[in-house]
Amino acid sequence: MSAAAAAAFFDEMNIPDGGVRAGYEAISEWLKQAPRELLVNRKLEAEHFFRRIGITFNVYGDNQGTERLIPFDIVPRVLTAAEWQKLVRGLEQRVKALNAFIADSYNGREIVAAGIVPEELILQNPAFQPEMTDFMPPGGIHVHIAGIDIVRVDADTFYVLEDNARTPSGVSYMLENREAMMRLMPELFGSLRVAPVDNYPDALLETLRSVAPRSASRDPTVVLLTPGPFNSAYYEHSFLADKMGVELVEGRDLLVRDNVVYMRTTEGPRRVDVIYRRIDDEYLDPIAFNPGSMLGVPGLMSAYKAGNVTISNAIGTGVGDDKAIYSYMPEIIEFYLGEKPLLSNVPTHRCREPEALRYVLSRLHELVVKEVNGSGGYGMLVGPHATKAERDTFAAKLKAHPDDFIAQPTLALSTVPCFVDSGLAPRHVDLRPYVLCGADGVRCVPGGLTRVALKEGSLVVNSSQGGGTKDTWVVET
Amino acid sequence: MLSRMADNLYWLSRYTERAENLARILHVAQRLAALPSAYAGASNEWESAIATAACADEFKALYPDGATRENVIRYIVDSPTNPSSIKACIETARSNARAVRTAITSEMWEILNEGWNEMRGIEFDGISQSALTQFLQRVQQMSLRFDGAAYRTMLRSDQYWFQRLGTFIERADNMARLLDVKYHLLLPEKEPVGGGLDYFQWSSILRSVNALTSYHWVYRENVKPWLVADFLILRPEQPRSLISCYMALNDYLDQIAERYGRQGPAQHIARSTTARLQNADMDQIFQSGLHEFLVEFIEDNNRLGAAITQQYLS
């Protein structure tokens, strides 16, 4: 990328005419003084730290060495406390609206009656679970843990890129990145007031306990349900269970008797009240869903509907977080909360609407086209970076299944300096804050996971596509 | 705690202990095989290594022409068809540990993970003598460090007790097998008059369990076969003796029973085996047959393992 093109992007640290933005002063100063060898050393130390604690992820379809490290960049990403305050209010509003929409989708569908969201977008959504109709989970909350992906394009504008209301992952990186940075850069923590994040597991446990079913004792038993060690996020599952002090269970550890869930322990069966599951809906219960699932617990759904256990997030929350519903989020917020959205959506073209489809097809070279049900950066087209042949193939898919796609302008994502082979260079970033929603309120630890597209010029931050992470600092200025 | 977790802890410790014992067996076999035959006697050290590792049948099927240094090392260290090779033990221990990350301390995990990472970097095809010796030493060190980390860092709760049960069941089994493979050398009628051919065999048994020096401290005598048997079976001062293993097993099982407020078959079996060891003396064991005694012990030990599984781990 040429220098002129790079200057077109908003850099979160460096001001084009020289100088540094608020919050970055000490970091910039430190980077200027630090000799290259020191940075190289710190980078190696970080890698060693992550390798030793075993924080790895598995890449599906990658046969060689199933455990890989996510690249970690040692330059922190900074948000000022004022910026963060603004973000938090928007995040809370968004997750409240998301919860109201999902509850409504399964109970009454007033938003359809009001003519705001087309009914087929709910009923024909592959993530819609008919089993959940006319059922309200304990506390009336479906989404207890949300990951909202945010991008920034200039000093004042943040966009929500995507809502994740199923089983958002990555929070262990937020916590371990901080751990690594405190070891690697003690000098910076000495001069800056960085808001701590390490209370996240406690906040998560409190949230989960607050939504225990009414039949639970005053000291409800929470477990974390994992598909097992071969899952790509297994490290995170064990990490969170450990930090919360709850059992990490697999499907075979649980059993259902008379609509009550128990876990098999060395002292016999023990009752379970709240299941923080990191298994997708369709694998949760071979009786109710996919009969071939070896990961689930037979009878879990009926225990759930009998009100004897809380499943977190609730089943069927995917109806609220796909990219088709995303485009309605501003209206959804207004409809349920009677408020103007505090966080903007990226302007989105719904290819299911013929006019939008025509527009998208004529502008493929400048748009980003995403699959409505895709995730992890798979199955998307970044128009400006695609070849003519790639665009043509995509256009054919688009015409055949317009309902499956949405398109957005290619955003000028902000950059933050990263320490790469050639030295310090700007790379595009996004941010995933984690929002916890319990019967006792909303919690959001300051910061979140910053993902960075390490390839020069790339806009794709997903770890499965060569992205890395950075520690995110909310600092007082 | 979760039964699956207890099961993982138990087997994780068994596999770590087994890897160490296999490494010791190979280490000693290398030593003995290097002696001139006038000292080592007629025995094939590589064959007894295979017998001690309890994989003779599978091995014979794979190598019908008999045991040689190369094929035994290959088979015990990293054969893909041997589920109890050192490599497989470390793999299994590490993947069990990974599945119960929350139940072990980070020190324990890091030791296993480091050992596993190191092992993955080794090319076993055509490995040199010195690299192999170094690897075997590292395996023993890993097990020692793991044991020490467990002892020093784990909370004294059922997680610790199940982890320990695995260690001692495996240790007892391995010790009994080692003695049984060499039992014919330990019989008193073979008593030599000073420094005979078998001297190096007996001392190698002691050496393989790091007990050569302590033997001298306890008996203040030359290495005598029946004393070697006495030391490794009946002496509570010797930390790897069968009786030491059973005193530990008893103790941990009692603590579990007390915590859970309930006893079961595992406690009864452990108690009766311990009592038998406590009431035995070497003369009597030799009279009724050392081999028979050891075979029976191995069976009882297996029964205890099965009872623990039945009672707690499934």
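Leaving aside its neighbours within four places in sequence, with which residues is T348(A) in contact? The residues are Y326(A), S327(A), I406(A), A407(A) and Q408(A), where contact means heavy atoms within 4.5 Å. The model is a predicted one, in which local features need pLDDT of at least 70 and side-chain atom pairs count only at pLDDT 80 or more, while totals for chains, interfaces and linings use all residues. Residues are numbered from 1 along each chain as its sequence is written, chains are lettered from A and ligands numbered from 1 in the order in which they are written, and side-chain values use heavy atoms, with hydrogens and water left out.

T348(A) is placed in the loop between β13 (344-345) and β14 (349-350) of chain A; strands (E, at least two residues) and helices (H or I, at least four residues) are DSSP runs, numbered from the N terminus. The side chain of T348(A) reaches the backbone oxygen of V346(A) at 2.6 Å, and a polar contact of 3.2 Å joins the side chain of T348(A) to that of Q408(A). A polar contact is a pair of N or O atoms within 3.5 Å; within protein, one must be able to donate a hydrogen and the other to accept it, and residues adjacent in sequence count only if both atoms are side-chain atoms.

Also in chain A, the charged end of R350(A) sits over the ring of Y328(A), 3.7 Å from its centre. For a charge to sit over a ring, NZ of Lys or CZ of Arg must be within 6 Å of the ring centre and within 35 degrees of the ring normal. In chain B, R171(B) lies over the face of F168(B), at 5.0 Å from the ring centre.

The structure holds 48 salt bridges over all chains, each being a side-chain nitrogen of Lys or Arg within 4 Å of a carboxyl oxygen of Asp or Glu. The side chains of R4(B) and D253(A) form one of them, at 2.5 Å from N to O. This pair crosses between chains, from R4(B) in helix α1 (residues 3-33) of chain B to D253(A) in the loop between β7 (247-249) and β8 (254-257) of chain A. Both R4(B) and D253(A) are buried; buried means under 20% relative accessible area, exposed over 50% and partly exposed in between, with a 1.4 Å probe and protein chains only.

Within chain B, R74(B) forms a salt bridge with D125(B), the closest N and O atoms being 2.6 Å apart. The pair links distant parts of the chain, with R74(B) in helix α5 (residues 69-78) and D125(B) in the loop between α7 (106-120) and α8 (129-153), 51 residues apart. R74(B) is partly exposed because its relative accessible area is 31%, whereas D125(B), at 51%, counts as exposed. The side chains of E118(B) and R138(B) also meet in a salt bridge, at 2.9 Å from N to O. E118(B) lies in helix α7 and R138(B) in helix α8 of chain B, so the pair ties together parts that are 20 residues apart in sequence. A network of salt bridges links E17(B), E20(B), R24(B), D147(B), R164(B), R171(B) and R240(B).

Q238(B) has its place in the loop between α12 (225-234) and α13 of chain B, and is buried, with a relative accessible area of 3%. Leaving aside its neighbours within four places in sequence, Q238(B) is in contact with A211(B), S214(B), F231(B), L232(B) and S244(B).

Over all chains the structure holds 22 aromatic pairs; rings of Phe, Tyr and Trp (its six-membered ring) pair if their centres lie within 6.5 Å, and planes under 30 degrees apart count as stacked, over 60 as edge-to-face and the rest as tilted. F59(B) and Y63(B) form a tilted pair, with 4.9 Å centre to centre and 40° between the planes. F59(B) is buried, with a relative accessible area of 3%, while Y63(B), at 25%, counts as partly exposed. The rings of Y246(B) and F297(B) have their centres 5.5 Å apart and their planes at 75°, so this pair is edge-to-face. Y246(B) lies in helix α13 (residues 242-260) and F297(B) in helix α16 (residues 290-313) of chain B, so the pair ties together parts that are 51 residues apart in sequence. Both Y246(B) and F297(B) are buried. In chain A, ring pairs link F49(A), F50(A) and F72(A) into a cluster.

Finally, the domain assignment of chain B gives domain 1 (1-154) and domain 2 (156-314), with bounds that come from an automatic or database domain assignment. The C-alpha centres of domain 1 and domain 2 of chain B lie 20 Å apart, and 33 residues of domain 1 are in contact with 33 residues of domain 2.
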